[in-house]
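Open the model in your viewer and keep the selection tool at hand. The stops below say what to select and what is there.

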Amino acid sequence: MIQTTPTTKTRPQPNLENSYDVVVIGGGPAGSTVAALVAEQGRSVLLLERTAVPRFHVGESLIPETYWPLERLGLLDRMRESAFPKKFSVQFVSEGHKESAPFYFDEHNPHESSVTWQVERGIFDEMLIDRAVELGASCRTDAQVLDVMFTEDRAKGVRVKTEDGTRDIACQVVIDASGQSAFLASRLNLRVPDPKLRMATIWTYYENAIRGKGKDEGATLILQTPGKKSWFWYIPLPDNIVSIGCTGTLDYMFGDKLPAADVYERELKRCPALQRRLEPAQRVADHFTTKDFSYTTSKSAGSGWLLVGDAGGFIDPVYSSGVFLALKSGWMAADAIAAAFKTNDFSETTLGSWVPEYRAGVSRFRKLVYAFYSTEFSFGSFLKQHPEYHSAVVDILIGNVFKPELDEMFEAMGTP
């Protein structure tokens with residue numbers, strides 16, 4: 001059963017040293033990945049998480065390209081042995097009832113990586129933290145970072161509060177992986193909202209909802225309501241639980257200041273395809289909300305510091321890109337840090353060497369999100385007119401976004 005207030009475990013809290021090679025702020029997927037891969041290089045790494053684990057978090061659906069970071073982390077066997085449902089496809093429903101054929105990822109690429117998972121984030125995130133510790137990182141889960149210390153413009157360490165008190169810790173590189181709180185980006189005034197994606201989401205969990213059969217049992221469904229006013233995600237989880245969230249513009253969802261539960265029920269009544277799936281189901285959790293979550297940052301690296309995962313920007317949940325981008329940015333940042341230690345060069349140029357390629361990939365996700373929300377655009381009509389771009393659309397849905405040739409498709413879409 002989904003644990004929205006999970007029972008936390010007593011973890012050993014290692015003694016803090018005065019300095020480390022790298023300090024990571026935040027123990028989510030991005031922070032744990034970069035901590036693990038830098039520690040694997042033989043560097044001393046301190047991973048600081050302020051919340052006891054496991055912790056409740058939304059963002060349960062992975063996309064196929066997550067396979068490669070999980071492989072590099074050595075976690076594929078644990079994923080295969082887990083109870084997480086396998087995800088073979090994504091299916092879209094328009095106008096509340098018009099169901100498309102599923103996009104089966106293995107029809108695009110008949111490789112094991114085309115099958116991914118729907119995860120309960122408390123369990124998944126803890127798995128990543130445990131792996132970082134196995135590879136040599138020190139992890140404190142009682143640690144609130146109060147400040148990043150700079151000498152001139154060079155990050156030199158952090159001030160952290162733990163149950164043992166407050167102290168300063170020096171390091172060569174500070175990595176902000178604090179998620180959407182964007183700790184360092186907020187302090188450096190780097191956060192840039194996306195005016196095209198001022199959205200709000202309400203989500204909850206149901207037990208015993210109707211799922212697809214066989215290969216479709218773990219499929220993600222994206223169900224739009226009439227007029228594209230809102231859309232629902234439908235993500236099957238372990239223990240016969242389904243995560244169901246509703247997203248729309250901030251004004252549409254909360255402009256009339258109705259309670260979140262009332263807005264959710266209002267939109268549910270506009271989506272017959274979802275109502276049918278919920279006929280035998282019972283809601284088993286409260287309604288949760290998040291608002292105005294799409295943003296980027298004016299830069300992702302500086303002298304002695306880096307932003308990874310949501311701390312460097314977040315797009316929108318519609319294509320489930322969040323966990324993949326967290327893992328991928330952690331991977332790319334770890335490689336840049338290895339180069340920095342090899343050359344003793346911790347400049348913005350060296351630490352941020354991966355950022356242009358990463359941001360180009362993120363931009364391709366973002367352009368497809370803009371198309372999804374456009375009332376003038378229809379994926380069905382576009383692919384009927386341009387069948388040559390079917391593979392390009394699937395490339396982005398699976399996360400294979402670091403291919404410059406995909407940009408040609410957006411010229412045809414009119415979203416260059």
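**Stop one: the largest pocket**

This is a predicted model. Its largest pocket has a volume of about 1100 Å³. To find the middle, select His57, Arg121, Gly179, Gln180 and Asp310, which are the closest to the centre among the 49 lining residues. Next colour the elements that each give two or more residues to this lining: helices α1 and α10 (322-343), with strands β9 (144-151), β13 (199-207), β14 (220-224), β15 (230-237) and β18 (288-291). Sorted by class, the lining of the largest pocket holds 21 nonpolar residues, 21 polar ones and seven charged ones.

**Stop two: the second largest pocket**

Select Ser94, Gln224, Ser378, Phe379 and Gly380. Of the 22 residues lining the second largest pocket, these lie nearest its centre. The space in this pocket comes to about 540 Å³. At least two lining residues come from each of β4 (89-94), β5 (98-99), β14, α12 (355-373), α13 (379-385) and α14 (390-398). Strand β14 was also on the list for the largest pocket. By class, the lining of the second largest pocket has twelve nonpolar, six polar and four charged residues.

Now select residues 45-48, which make up strand β2. Are its side chains buried or exposed? Val45 and Leu47 point to one side, Leu46 and Leu48 to the other, and all four are buried, so both faces of β2 are covered. In a regular strand, side chains alternate between the two faces of the sheet.

Which other strand is joined to β2 by bridges? Strand β8 (residues 138-140) runs parallel to β2, and three bridges join them.

**Stop four: a three-stranded sheet**

Finally, select β12, β19 and β22. They form an open sheet in that order, with antiparallel pairing. The edge strands, β12 (191-193) and β22 (313-314), each pair on one side only. Between β12 and β19 (residues 295-297) there are three bridges in the antiparallel sense. Select Val192 and Thr296 to end the tour: Thr296 is the bridge partner of Val192 in β19.

Notes: Residues numbered from 1 in each chain as written. Predicted model: local features only at pLDDT ≥ 70, side-chain atom pairs only at ≥ 80, totals over all residues. Heavy atoms only, no water. Buried < 20%, exposed > 50% of the residue type's maximum accessible area, 1.4 Å probe, protein only. Pairing = 2+ DSSP bridges. 1 Å grid on protein atoms, 1.4 Å probe; cavity = no way out; pocket = protein on both sides within 12 Å on 5 of 7 lines; lining within 4 Å. Points joined across faces, edges and corners; volume = space filled by probe spheres on them. Nonpolar A, V, L, I, M, F, W, Y, C, P; charged D, E, K, R; others polar.
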